[in-house]
Amino acid sequence: MKRKVTSVILAAGQGRRMNTSLSKQFIMLEDKPVLYYSVKAFDESPVDEIIVVCCREQMDYCVCNVIEPYGFKKEIRVIEGGEERYDSVFRALKSIDHTDYVLIHDGARPFISVELINEVIDMVKRSRACITAVPVKDTIKIVDEDGFITGTPDRANMWLAQTPQAFEYSSIRRAYELLFKQKESDRKIITDDAMVYERFINMPIKIVKGDYYNIKLTTPEDLVLAQGICDKIRKMTKQKDDMLSKSFEL
């Protein structure tokens with residue numbers, strides 16, 4: 001029996017560090033909104049439904065400028081998010097009538113690939129919980145509140161967490177229900193969905209090796225990097241097309 005897979009794309013952040021009047025997920029990148037690219041990737045993937053979470057004031061803007069103009073094929077629901085990331089995730093989870101697995105992705109990560117989504121879906125079906133991540137390249141320092149180094153962890157065991165993060169739906173929903181029984185001050189430390197799962201579900205989480213291109217756009221410098229990635233992808237695509245063209249000529 002086919003297991004249902006739902007994707008949740010988070011686009012409710014205000015992006016204050018981007019220093020623009022427009023929220024970062026709606027900034028134009030290569031003549032399309034940043035959010036378009038992740039929606040497109042999930043639309044072309046095997047997921048069964050897509051939920052986009054926006055702040056109330058931007059829901060109509062999202063529908064009119066991201067969802068409707070590009071002819072996506074899958075069912076896409078736009079729902080209202082919350083004040084914090086974990087609020088938005090919990091609202092999305094509660095809005096789902098039925099699913100078996102859920103993939104949660106940051107809408108400000110435009111370079112997620114269909115291939116990586118496929119790997120995550122395959123892994124979550126086998127392990128019940130997984131996240132994308134990449135090995136740390138730099139040396140990490142642990143620093144105290146006064147700015148002094150207190151330790152240097154082994155870089156071989158350090159990974160940078162990305163999204164999508166995928167979970168068996170019943171388990172991640174239960175984890176969030178338990179989270180929201182905690183004091184608000186305890187919720188403030190939550191930065192991703194794996195943290196919620198780690199705290200409340202006594203099950204392991206598998207790493208799926210991600211992609212260094214799968215960056216999150218947070219500051220203006222990230223937009224410069226994003227444009228460079230676009231240029232690189234365009235160049236690689238042209239090279240592939242040229243090779244295919246030459247093979248047909250032969």
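The charged end of lysine 137 sits over the ring of tyrosine 212, at 4.0 Å from the ring's centre, where a charge is taken to sit over a ring if NZ of Lys or CZ of Arg is within 6 Å of the ring centre and within 35 degrees of the ring normal. Lysine 94 likewise lies over the face of phenylalanine 90, 4.5 Å from the ring centre. The model is predicted, so that local features need pLDDT of at least 70 and side-chain atom pairs count only at pLDDT 80 or more, while totals for chains, interfaces and linings use all residues. Residues are numbered from 1 along each chain as its sequence is written, and side-chain values use heavy atoms, with hydrogens and water left out.

From these charges over rings we turn to pairs of rings. A pair of aromatic rings is described by the distance of the centres and the angle of the planes. The structure holds nine aromatic pairs, counted for rings of Phe, Tyr and Trp (its six-membered ring) whose centres lie within 6.5 Å, with planes under 30 degrees apart called stacked, over 60 edge-to-face and the rest tilted. One of the pairs joins tyrosine 36 and tyrosine 70, which are tilted, with 4.6 Å from centre to centre and 50° between the planes. This pair links distant parts of the chain, since tyrosine 36 belongs to helix H1 (residues 34-43) and tyrosine 70 to the loop between helix H2 (59-67) and strand E5 (75-80), 34 residues apart; helices (H or I, at least four residues) and strands (E, at least two) are DSSP runs, numbered from the N terminus. Tyrosine 36 is buried at 9% relative accessibility, whereas tyrosine 70 is partly exposed at 29%, where buried means under 20% relative accessible area, exposed over 50% and partly exposed in between (1.4 Å probe, protein chains only). Tyr36, Tyr37, Tyr70 and Phe72 form one aromatic cluster.

Helix H2 itself contains cysteine 62, which is buried, with a relative accessibility of 0%. Not counting residues up to four places away in sequence, cysteine 62 touches Phe26, Leu35, Val52, Cys54, Ile67 and Val78, a contact being heavy atoms within 4.5 Å. Phenylalanine 26 is 36 residues from cysteine 62 in sequence, and their C-alpha atoms are 8.0 Å apart in space.

What encloses strand E10? Seven of the ten residues of E10 (residues 159-168) are buried, so the strand is largely enclosed by the rest of the structure. Strand E6 (residues 101-106) runs antiparallel to E10 and is joined to it by four bridges, and two strands pair if DSSP finds at least two bridges between them. Within this pairing, valine 102 has phenylalanine 167 as its bridge partner in E10. Strand E7 (residues 129-135) is also antiparallel to E10, through six bridges, and here isoleucine 131 is partnered with glutamine 165. Glutamate 168, which lies in E10, is buried at a relative accessible area of 19%; leaving aside neighbours within four places in sequence, glutamate 168 is in contact with Asp100, Tyr101, Val124 and Arg128.

Strand E10 also takes part in the largest pocket, giving four residues, the largest share of its lining. Strand E1 (5-11), helix H3 (85-95) and E10 each supply at least two lining residues.
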